[in-house]
Amino acid sequence: MFLRMLKFSWRNVWRNARRTVITGLAVGFGLASLLFTEGLMQGMTDHMVDATTDPWMGDVQIHREGFLDTRQLELTVNRPGEVMDSLSGDSLVQAFTPRILSPASLSSARELKPVTLIGVDGRSDPGVTMLRAAIDTGSYLSGDSMEIILGHRLAEDLEVELGDVLVITAAGTDSGLASSMFLLSGICNFGSEQLDRYSAFVNIRTAGDLLDLGDGFHEIAMVLPDPELARDTSLSLWDRYSAHGNSALGWTDLSPQISSMLDLVNISMLIMSAILFGLVIFGIVNSLFMSVYERMFELGIMKAVGTRPGTIGAMVVMEAFWLGLISTVIGLVLGILLIWITSGTGISFGEIEFSGITFSRPIYPDIDPGRAWMYPVFTILLVGLAGIFPGIHAARQNPAESMRRSL
Amino acid sequence: MLAKLAWRNVFRQKRRTVLTMLTMTGGFVLSSAAIGWMEGSYGSIIMFFTNSRTGQIQVHGSGYLDDPSIYNTVDDYMEIGSMIDSVPGVRTWAPRVYAGGLLAVRPRGSGPGGIFSNSAAASITAIDPFMEDRATEFSSQMEEGELPSSSAADSSYSAVGNIVLGRELATVLDASVGDSLVMLSQAADGGSADRKYLVTGIYSSGNPDLDRNSCYITLNDAQLLFALRGRVHEIAVMTDDLGDVDRLTREIAALLEGRDLGVDSWKTFAREFYNGMKADETQLKITIFIIVLVAAMGVLNTILMMVLERRREFGVMKALGTRPGFIVRMVVLEANIMGVISIIAGSVISTGLLLYLSSHGLVLDQPINYGGTVFREMVATVNAACYWVPALCVVLTASTVSIPPALKAAHTSAAKTLRTV
Amino acid sequence: MKTFAIATAVLLMAGSLSASEGRPDIDELVRHLDQLYRSEDSYSEMTMEITTPNWSRTLTMKAWSRGTENTFIRILSPAREAGMATLRIGDQMWNYLPNTSSTVRVPPSMMSGSWMGSDITNNDIVREITYEEDYEYSYLPDSAAPEGSGDDVLYVELVPKRSTAVVWSSIVCAVRAEDLIPLWEKYYDSDGDLIRTIGFSGVEEMGGRTIPTLMEVVPADEEGNRTTIEWTYAEFDQGVDEEIFTLRNLQRGDTD
């Protein structure tokens, strides 16, 4: 019996093929849009996270406990050799690079500016940061002790060009002031005030010698296969690298403002998705109601012929399910297709300047099945449930009345 | 005749009309809410950010933003301030003096004769505590202790002043509330500027890089110490209406013309933040576009169905001699009537919804800390775009979508259409 | 008679020949420059006039030094700064502030900056770098000598060695031939542009030496910036009490 009703309701749905197709398409389009928007939103969030972590920060950083608060020179990463070895063998860590950080005075022939001296390891850095790509003029670090790269604003403030002499003066761990001479070898443009105006990049070995740090360094920045992993507090990574007086922090902690901003955006997007979902449901329910009310005549006949009210009601509900299912399938196909196509080529919004490097990389929509399954399932369910109302109405109709057809 | 017929048709088939209009109204309200929400949430973020420290508009000496120098000041700041007050839309303003100097604290355990050997370079901001609090609610950023308040230092060069330190700066100096501190710097007349201070509070802006280098003292104290009588480096101007900022910037600039001053909005002096916001905005705008599109599809669906269901009716009309053109016009008119009614109803509903949302907002279950201010709720705004965008969408869709099927129906032979169940 | 005349003429010619190519040994000249104000220890009283586009001030002060490691400066005037003192031992520096009766340690990060707002940096004051050890030097060829120079002025070019950390690429020094007293020093960057000029004048006998008592530092690019130091009294190698280079002395605050 049940099976027969299923087949019957299915045929009913297709009897008015045009209406079913139109509704299916319209609702399917709505669902596809929903899925696409989710994908787009995910892609844009990924994009913003990349814009935060790619240029310089990395996904996770390791420091000695207390370093980030006080920036004291002596607080170098504990057991550096061990940590680096551990990182090399860690399958979760895609790349990592050590850095030395120290306040210093940078003088040119004409000006004196306070900067953060950053010792960079030229071999491992390109795999982690965009410093090499950000160099406008000149060249990247090759290991020469006199090489120095400045942000373009800093170079302007100091009135220097490639090849000009610069002197870095800094206080070493022995609390003695040390000076070292450099020749400007590269000018970079990150689009970030902090990096372009207050940072000077030299070879890590040179910085270590100047500051009398030996092999010590202050920070290790690393890249994970997916920046989102940095939000996963269950990873063994945190414990492993937060040992022995060190502390490992993800970008969400290192840049709480960006993280907050992303949360805010997520909430906005959630609301938008809810609205979209509402529209989709609205559309399909409306279609459903219309179809039932239009068929009052034939439903009246069915009743007059002896079909039980309950059966009529059930049939209507089943038709609702079918309609929901068809629409969902169309929507899924369209949506996935759309995402699949655009995720290959990406959508370019032109130049987006966000918190740093002008990002002209396109956005790649990306769908998270873990979240996206809700939409189709809920659509079918809600629509099916919505079918109850017209179903009840149909079941209760007086056959004579409904057969008095009107134009 | 056409109009009367169309009107009566609309109200004849109540159920059908109601369902169609429901979709249109629903689409309108949801699009409207989406737009209002987007504007509102961005407005919230921007207002929170600019209200926490920078203000929406700033006045400096000309060229100060590119080259901040202690010598580049806004003179007669009280006079300028009252001129700014006179511009409608300005909520309040706050003056600031900026300087750089050395702060030094005695290490713990050393007696009164000890050397102030914990020293660090710091950026010093001098504020009028009352005006600053009124402008930025600075007191809410205080973690411990109180805002720097007036002291003898306001009028005496050798008196002890009150100072508030950033959380990380207090850590670097190993200082706490109640400690003594010495400041050494250079005044604007080249002379030495040095004074002893009492740490009266510690604050946190949420940005450790900022807090590691900054401290606050009172304006009068700084003007005396740095030989800057009547002068300040910055006047931050606050307004409640974010959309008004561009106009206010222009008006204030015109008012202060000829005084060698620069007037800038947050879009200029907080450029990185502005760019970040713009990137987000693009993202949301696209989503709004999609929402409006989907709403349009919904309208399309219902209108289409409505027209297609009535083919028999059109067949009858044709059989009675009605010309196809008449039928088409009638259908389009019906669609438009429903559209307009839906828009009106939708406007009423969405106004109610948005007004509620803009005053109550959505309470977040996990407050978000951004730039030191804590977001507890997100609000929506009501503005023109909330109305005309959805309205346009509904009307345009309704009228255009109804045409093709009406045309088709109007031109099919009457006999054919009548032969349906 | 004729032989004698010719012999004399030859001798005279020989003499004048040696005199014209007889510029002093350059090592000696450079050493003299290094030692000009330097000594085992010294005590001096001086006036410093600082001019900037925004203000001008004149400070009077007393200064003690021992070797290159220890310096003590006490400011006598103007009134607001009177009693302020700076003690420098090696890489550490403290300031005494009479207004607050406190002694403040200057962190290393602030030591590269200018001293009291002048055009002289703290590093200038210490002067650990010597021309003799840290520079390559030679006489300027006559063709490169500036105009208006007579035979009584010698021009030396000093180029910092690779290991010497300074921002200029060369210094040209004009020195009086007769007593090797400098007239001026010009500092140039790697493009050959003038960075600053230090002028020396007011040559007098002081503390057993002949020194220029007036030194004027003028940065080339900054309009209206100048610092002038005038020595009103100087004593060299007379023995300076070690007590002076102590924090105790710093905190005494009196202007003896």
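Biologist: Why is C:D237 called partly exposed?

Modeller: The model is predicted, so local features need pLDDT of at least 70 and side-chain atom pairs count only at pLDDT 80 or more, whereas totals for chains, interfaces and linings use all residues. Residues are numbered from 1 along each chain as its sequence is written, and side-chain values use heavy atoms, without hydrogens and water. C:D237 has a relative accessible area of 41%; buried means under 20%, exposed over 50%, and partly exposed in between (1.4 Å probe, protein chains only), so the label is partly exposed.

Biologist: What makes C:D237 and C:R209 a salt bridge?

Modeller: Their closest N and O atoms are 4.0 Å apart. The term requires a side-chain nitrogen of Lys or Arg within 4 Å of a carboxyl oxygen of Asp or Glu, so the pair is counted. C:D237 lies in the loop between β13 (226–236) and α5 (247–252) of chain C and C:R209 in strand β12 (residues 209–219), so the pair ties together parts that are 28 residues apart in sequence.

Biologist: Which residues form a salt bridge between chain A and chain C?

Modeller: A:R110 pairs with C:D189, the closest N and O atoms being 3.1 Å apart.

Conventions. Chains are lettered from A and ligands numbered from 1 in the order in which they are written. Helices (H or I, at least four residues) and strands (E, at least two) are DSSP runs, numbered from the N terminus.
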